[in-house]
Amino acid sequence: MFNGSGDRFDVLCNLILSGGVVADVEGSTADEIFGFLSESIEMPEGVTRESFRMELSEREKILSTAVGHGFAIPHPRKSILKNESEQKIIVCYPKTPIEMSSPDGSRVSVMFIMLTKVTQIHQDALSDLAKLVHCVEFRHFLDSKPSVENLVLKIKELHALGKLD
């Protein structure tokens, strides 16, 4: 369960640990990826599989959540969670990189799907993920599609070394 206290990167790591990693996800579009995830992950209390997929897809139609360098940060327009304790970031590695209208034209190979309830946690996580996206070492590390444990260890290492400041 997510605990929102601690250093900002600790909060980000807790969100990722709560959400986990889903690798080699089948799909050639964001909507297909969201559909696959909706059928394969445990849904938060009160969230249906269809509403999860629909909320992410509807947000994507408004404006792409691709941020460049092969990353996207999908999230619903408004929180779909009932409880703060269910906040999480699901790390998704599509089997094949997908087109999501990225500002730099790159195909998306990593999605950080944010499910948050608290606005400040949402904003801080977006900011921290933006720092990670700009870290070349982190981007190269993600090429190996690391497990959730290795991903969190790398984030903590980069933060401790001051590479995310």
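pLDDT is the predictor's confidence in each residue, on a scale from 0 to 100. The model shown is predicted: local features need pLDDT of at least 70 and side-chain atom pairs count only at pLDDT 80 or more, while totals for chains, interfaces and linings use all residues. Residues are numbered from 1 along each chain as its sequence is written, and side-chain values use heavy atoms, with hydrogens and water left out.

**View A. Confidence along the protein chain.** The protein chain has an average pLDDT of 93, and 96% of the residues score at least 70. Helices (DSSP H or I, at least four residues) and strands (E, at least two) are DSSP runs numbered from the N terminus. Confidence is lowest in helix H1 (residues 8–19), with a mean of 93. In S3 confidence is highest, at 98.

**View B. An open sheet of five strands.** The strand order is S1-S4-S5-S3-S2, and the pairing is mixed. Two strands pair if DSSP finds at least two bridges between them. S1 and S2 are the edge strands, each pairing on one side only. Strand S1 (residues 21–25) runs parallel to S4, with four bridges between them; valine 22 has cysteine 92 of S4 as its bridge partner. On S4, strand S5 (residues 110–115) pairs in the antiparallel sense through five bridges, and isoleucine 90 is partnered by isoleucine 113 of S5. S3 and S5 are parallel and share two bridges. Opposite phenylalanine 71 stands valine 110 of S5.

**View C. Strand S4, buried on both faces.** Buried means under 20% relative accessible area, exposed over 50% and partly exposed in between (1.4 Å probe, protein chains only). In a regular strand the side chains alternate between the two faces of the sheet. One side of S4 carries Lys88, Ile90, Cys92 and Pro94, the other Ile89, Val91 and Tyr93, and all of these residues are buried. Strand S4 (residues 88–94) is largely enclosed by the rest of the structure, because seven of its seven residues are buried.

View D. The structure contains two aromatic pairs. Rings of Phe, Tyr and Trp (its six-membered ring) pair if their centres lie within 6.5 Å; planes under 30 degrees apart count as stacked, over 60 as edge-to-face and the rest as tilted. Phenylalanine 71 and phenylalanine 112 are stacked, because their ring centres are 5.9 Å apart and their planes are at 10°. Phenylalanine 71 belongs to strand S3 (residues 71–72) and phenylalanine 112 to strand S5, so this pair ties together parts that are 41 residues apart in sequence. Phenylalanine 71 also stacks with phenylalanine 138, at 6.4 Å centre to centre and 15° between the planes. Phenylalanine 71 is buried, at 3% relative accessibility, and phenylalanine 138 is buried at 0%.

**View E. The largest nonpolar core.** A nonpolar core is a set of buried Ala, Val, Leu, Ile, Met, Phe, Trp, Tyr and Cys residues joined through side-chain atoms within 4.5 Å. The largest core has 28 residues, of which Ile16, Ile89, Phe112 and Phe138 touch the most other members. At least two residues of this core come from each of H1, S4, S5, helix H4 (119–133), H5 and helix H6 (148–160). H1 gives the largest share, six residues. Another core, of 23 residues, lies apart from it and includes Met43, Leu56, Leu81 and Met111.

**View F. Surroundings of phenylalanine 138.** Contact means heavy atoms within 4.5 Å. Beyond its neighbours within four places in sequence, phenylalanine 138 contacts Phe71, Phe112, Leu132, Leu151, Lys154, Ile155 and Leu158.

View G. Histidine 75 is in the loop between S3 and S4, and it counts as buried, at 12% relative accessibility. A polar contact is a pair of N or O atoms within 3.5 Å; within protein, one must be able to donate a hydrogen and the other to accept it, and residues adjacent in sequence count only if both atoms are side-chain atoms. The histidine 75 side chain reaches the backbone oxygen of isoleucine 73 at 2.8 Å. Leaving aside neighbours within four places in sequence, residues in contact with histidine 75 include Thr65, Met114 and His122. Threonine 65 is in the loop between helix H3 (49–62) and strand S2 (66–68) and is buried, at 4% relative accessibility. Its side chain makes a polar contact of 2.7 Å with the side chain of glutamate 60.
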